[in-house]
Amino acid sequence: MIFLTGTSGGIGGAALETILDHKLLHPNEFSISSWNGQTKSQKATEAGVQVRRGDFTKPETLVHTFDGAEALFLVSHPSVGEERFIYHRNAIDAAKKSGVKHIIYTSLTFGGLDGEHSLGGVAQAHVRTVAYLKASGLKWTIIRYATFQHLWNNFAGFLRLEKDSDAEVVIPNDGPNHWAHRADMGEATGRILGNWRSYEEKTICLTGPELLTISDVIQLYRDYTGRKVNVKIVGTESAIEYHKQHKTLPPEQEDFLPNWASWHGALAEGEMNFIDPALENLLGRKPKTVKDLAHILFAAETNELDTTDFNGVA
């Protein structure tokens with residue numbers, strides 16, 4: 001029995017649908033844990049998949065959530081700050097007390113090939129969680145995810161796609177990244193979970209099929225839309241000051257800017273300058289490129305700028 005968390009999100013939801021659509025696990029071989037004890041998946045409901053309540057942010061709800069599970073698919077908390085490590089630790093501790101033997105954890109590809117260290121603020125909770133999990137005595141699997149392609153405009157100075165006027169993109173730094181389609185990575189995750197025992201003590205890196213800098217993606221955007229966009233790479237302090245002066249983010253999110261700037265430092269250091277064949281192998285086809293999805297990624301109607309999780313924690 002494996003318990004799945006995060007199935008209402010992009011990765012976990014796609015993984016769940018893949019499992020159900022391809023019958024990778026029988027409904028009595030897995031259960032769902034969600035913060036409210038409910039699932040948004042009609043297919044899971046119709047299949048009779050059990051759903052329990054478990055909220056990482058409220059440890060008292062986790063006491064018996066994972067009872068009877070041999071494994072736990074632990075989807076990281078939706079945040080970019082360090083507090084997420086506390087929530088992950090809550091889940092790992094509760095799982096261990098419940099008798100779980102194996103945790104499959106979702107991390108990021110910041111930090112190069114091993115991911116043990118990173119300049120990226122968004123990666124720090126992942127680094128700590130992976131270290132804590134590996135020291136827990138539990139069996140582990142780490143799935144590391146590439147930057148979601150639809151987040152390119154966050155990297156690109158929070159570029160507003162709903163405007164068609166000339167734009168100025170001010171960023172701290174730039175470097176190659178292996179952007180990947182979230183749905184592709186979710187499908188691959190479902191295939192991993194369908195055979196989770198085979199991935200014990202393994203780290204899987206799900207990267208896209210090409211390396212593109214932020215400037216490269218902006219050039220693809222220019223080509224697709226015809227919009228004039230001027231890119232300025234100005235260094236960390238100047239970029240943060242620019243976005244504060246221009247009120248790019250709401251005032252309550254300005255403290256997040258150093259975290260955002262650190263992403264670009266990680267790119268410049270080459271942390272994402274590699275391609276791994278695992279995603280293609282799991283899918284059995286070529287992963288979708290940015291150009292393949294230009295009609296979705298470069299249109300405001302289908303890729304609205306999302307800063308929901310920018311909570312200001314560096």
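Trainee: What volume does the largest pocket have?

Mentor: This is a predicted model, in which local features need pLDDT of at least 70, side-chain atom pairs count only at pLDDT 80 or more, and totals for chains, interfaces and linings use all residues. Residues are numbered from 1 along each chain as its sequence is written, and side-chain values use heavy atoms, with hydrogens and water left out. A pocket is an open set of points on a 1 Å grid over the protein atoms alone where a 1.4 Å probe fits, with protein on both sides within 12 Å along at least five of seven lines; its volume is the space filled by probe spheres set on the points, which are joined across faces, edges and corners. For the largest pocket, the volume is about 1,300 Å³.

Trainee: Which residues lie nearest the centre of the largest pocket?

Mentor: Lining residues have an atom within 4 Å of a point. The largest pocket has 50 of them, and those nearest its centre are Ser76, His77, Pro78, Ser79 and Asp309.

Trainee: How many charged residues does the lining of the largest pocket have?

Mentor: Asp, Glu, Lys and Arg count as charged, Ala, Val, Leu, Ile, Met, Phe, Trp, Tyr, Cys and Pro as nonpolar, and the others, Gly among them, as polar. In the lining of the largest pocket, 17 residues are nonpolar and 27 polar, and the charged residues number 6.

Trainee: Which element gives the largest share of the lining of the second largest pocket?

Mentor: The second largest pocket has a volume of about 280 Å³. Two elements give two or more residues to its lining, strand E7 (167-171) and helix H8 (236-245); strands (E, at least two residues) and helices (H or I, at least four) are DSSP runs numbered from the N terminus. The largest share is 4 residues, and it comes from E7.

Trainee: How many residues of strand E6 are buried?

Mentor: Buried means under 20% relative accessible area with a 1.4 Å probe, protein chains only. Strand E6 spans residues 139-145 and is mostly covered, the buried residues being 6 of its 7.

Trainee: Which residue of E6 is the bridge partner of Leu108?

Mentor: Two strands pair if DSSP finds at least two bridges between them. Strand E5 (residues 102-108) pairs with E6 in the parallel sense over 7 bridges. Within E6, the partner of Leu108 is Tyr145.

Trainee: Which residue in E8 stands opposite Ile142?

Mentor: E6 runs parallel to strand E8 (residues 202-206), and 5 bridges join them. Opposite Ile142, the residue in E8 is Thr203.

Definitions and conventions. Buried means under 20% relative accessible area, exposed over 50%, partly exposed in between (1.4 Å probe, protein chains only).
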